[in-house]
Amino acid sequence: MRVEYINPFVESAYNVLREVLNSDVNRGELFLKSTAMPVLGVAAIVGLAGDVEGRVMFDMTRDTAIKIASAMLEAMDMEPISTLNDMGRATINELANMITGQAVTKLHELGFKFDLTPPAILSGENMEISDAGVEALIVPMEVPQGKIEINVAIRERN
Amino acid sequence: MKWNNGNDKQQPSASATGVASRGLRTLGFGFGRDDESREEIERIDFKMVTFSLAGKDYGIDIMKVKEIAKFERFTFVPNARPFVAGVYNLRGEIISIIDLRVMFNLPAEQHSDGTPQDGLILRLEDNLIGVIVDRIDRVVGISSESIQPPHPIFADINIGYISGVVEHEDRLYITLDVDRIFTKESEKARAVDQSRSVMETPPGEPIEEPARVTAPDEQQEFSFISEGLATFDKLYASAINQQWLQQRFEQWRQERSEVQKPIQFADEHDAAAFVRPFFSANSEQLWDRSYSEAVRAVLPHAETMVVNAWNPGCAKGHESYSLAAILSAYYSGKRVKIWAGDNDLLSISTAPNLILAEETVPAHMQEFTVGTANGVTFSAGIKEMILFEYHDIRHESGVPHAHIVVCRDLLSLLEPEVQQQVLTKFYETLVNGGVLIVGDNEQLDDDTRWQPLSDQVQAYCKV
């Protein structure tokens, strides 16, 4: 993956998570993967198209998703959730949108132009994701509610 | 003194075998310091990776060790035997991890959660297994003749698991027989029999050896060196670097005898010293005029308006910029694009904005650089030609087709089977007549695919 793309995603994930959860965020070692990867339980996927093509996935366990959504809702003086209902999914969607949106804005400033698709949420047991012909950058983020893996697979359009 | 104690314990064992002269001979080797001439003819033909368990030193035959590892975050397996620490994902392969201390009923050092633990990955007959130890020490080369039979005094560990005891630099190492340790329960009975027969004919068996080093010994030393390089992650021996390895081995043998050190590697520094001359000229710096001209002379003719090049293993990008400068001049009027990748995040992150000290830029490249506050950098025109990617060569690459592939010294750092896969990938990516440039000390001998082009640079044309 092009070096210039890495930092905007890492920085915006860090900033947005710290802001919406109002807590410390720890970034793990970045690494690359290209085989099929297990999905932890809840995944929000945002597609990218333009100078590049690919997608960004935010992957976490169901438990972490509920805790993060609750923390975000409580910060807005709303009721926390106990199961992953429509409100919970919408909240995770919003989180994915905020992080990807901020990263793409930074990339626009650097001269790379591309558009986003609305996030889609997948949830279930024993899921895997694989991307033909693209290697994925994994950015692990630790927050008090659990671990979020940000999985960025994008390539230059030839 | 530690050795004296060991000696007292060993002597009855040796004579108990009924061959007193053998015991004396073996001891003679152990006390080589008292007997200069004997020490000189002692041959290093057994290497072991040494480590400690509960404060004692142990060794495992290096041929059984696939790699030295740090284990962290392995997965606990419910209802497994107590010494099974869990399973571990070794680059996609799931292996079991055994805690040797628990297995041998030794006190385990307490680790706070999350600290990586020292361990070895062992290559058994039909599978890989990981073992956790207190601490990895180093690689020790010894003469197999100096290994003495095990003695029942070592009660910590079942005697059947010990293949011998050896003294090296005033330390006593217990050598473990890993194949026997990890045989299945059903085979235990047979293992005990074997251990008994090992007791009767210890590995210390003296055979009258000529003092002269014979060809098979050299072969063995050479294969130890190759294994050692792989163990220390320095280089993987294969047809690609065979010729250099053999020359370097001869040279190394001389260097080491001049400073009176053993040929085998004692530690990582020795392996690093061995491999240092391997790396090509102009590594981690801009290419000098003569290398640039040699590369220019082998560039293929391109009919298309777009010329693509691929530069995996570009590190901080010196190589990619040097190549860009040559290509932009040679293919003037055409659009040149270079895909440059490396899996070292720190190096590749600095590549797009590489700043150089002005005096390190060779005269023929100065026209492509511009000054900045801290030094010089390449002009926007050159930078636009190169796409720096965080990329692992083992994975899929986004490079479409290429006229030139520059991959210097990287192939030799990959496992032999990966080397072949990557070479095939290069072959498929190159256009007909495309050129592959490898490291100064690397060679491709498959003339059905690669035809050598030059004496000055290791360049091959796709056949």
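## Basis of the description

Two strands are taken to pair if DSSP finds at least two bridges between them. Helices (H or I, at least four residues) and strands (E, at least two) are themselves DSSP runs, numbered from the N terminus. With these terms, Ala402(B) stands opposite Leu430(B) in strand β17(B).

This is a predicted model, in which local features need pLDDT of at least 70 and side-chain atom pairs count only at pLDDT 80 or more, while totals for chains, interfaces and linings use all residues. Residues are numbered from 1 along each chain as its sequence is written, chains are lettered from A and ligands numbered from 1 in the order in which they are written, and side-chain values use heavy atoms, with hydrogens and water left out.

## Chain B as a whole

Chain B contains 14 helices and 19 strands. Of its 463 residues, 51% count as buried, where buried means under 20% relative accessible area, exposed over 50%, and partly exposed in between (1.4 Å probe, protein chains only). Contact means heavy atoms within 4.5 Å. Among the contacts in chain B with a separation of 6 or more, 68% are between residues 24 or more positions apart.

Helix α14(B) comprises the 14 residues 416-429. The expected span of a helix is 1.5 Å times one less than its number of residues. For α14(B) this gives 20 Å, and the end C-alpha atoms are 20 Å apart, which agrees. Its buried residues are Val418(B), Gln419(B), Val422(B), Leu423(B), Phe426(B), Tyr427(B) and Thr429(B). An α-helix has 3.6 residues a turn, so residues three or four places apart point the same way. The cover over the buried residues of α14(B) includes strands β11 (306-312), β16 (402-407), β17 (430-438), β18 (450-452) and β19 (459-462) of chain B.

Strands β16(B) and β17(B) run parallel and are joined by five bridges. Together with α14(B), these strands make a right-handed β-α-β unit; a crossover is right-handed if, with the strands pointing away from the viewer, the path from the first strand over the helix to the second runs clockwise. Strand β17(B) also runs antiparallel to β19(B), with three bridges between them, and Val435(B) stands opposite Cys461(B) in β19(B).

Glu319(B) belongs to helix α11 (residues 318-330) of chain B. Glu319(B) counts as buried because its relative accessibility is 11%. Apart from neighbours within four places in sequence, Glu319(B) is in contact with Trp287(B), Asn311(B), Gly313(B), Val406(B) and Arg408(B).

## Salt bridges

A salt bridge is a side-chain nitrogen of Lys or Arg within 4 Å of a carboxyl oxygen of Asp or Glu. The structure holds 23 salt bridges over all chains. One of them joins the side chains of Asp57(B) and Arg171(B), at 3.2 Å from N to O. Asp57(B) lies in strand β2 (residues 56-61) and Arg171(B) in strand β10 (residues 171-176) of chain B, so the pair ties together parts that are 114 residues apart in sequence. Asp57(B) counts as buried at 8% relative accessibility, whereas Arg171(B), at 29%, counts as partly exposed.

A further pair is Arg256(B) and Asp270(B), whose side chains meet in a salt bridge of 3.0 Å, N to O. This pair links helix α8 (residues 242-258), which holds Arg256(B), to helix α9 (residues 268-275), which holds Asp270(B), the two residues being 14 residues apart. Arg256(B) is buried at 8% relative accessibility, and Asp270(B) is buried at 13%. In chain A, Arg2(A), Glu4(A) and Glu156(A) are linked in a network of salt bridges.

## Strand β5 of chain A

Strand β5(A) (residues 52-60) is mostly covered, with seven of its nine residues buried. Strand β4(A) (residues 42-50) pairs with β5(A) in the antiparallel sense over eight bridges, and a hairpin joins the two through one residue. The bridge partner of Ala43(A) in β5(A) is Asp59(A).

Strand β5(A) also runs antiparallel to strand β10(A) (residues 146-156), to which eight bridges join it. Here Val52(A) has Glu156(A) as its bridge partner in β10(A).

## The contact between the chains

The contact takes 16 residues from chain A and 15 residues from chain B. The two chains bury about 1300 Å² between them, 58% of it on carbon and sulfur atoms; buried area is the accessible area (1.4 Å probe) that two parts lose on being put together, summed over both. The count of salt bridges between chain A and chain B is zero.
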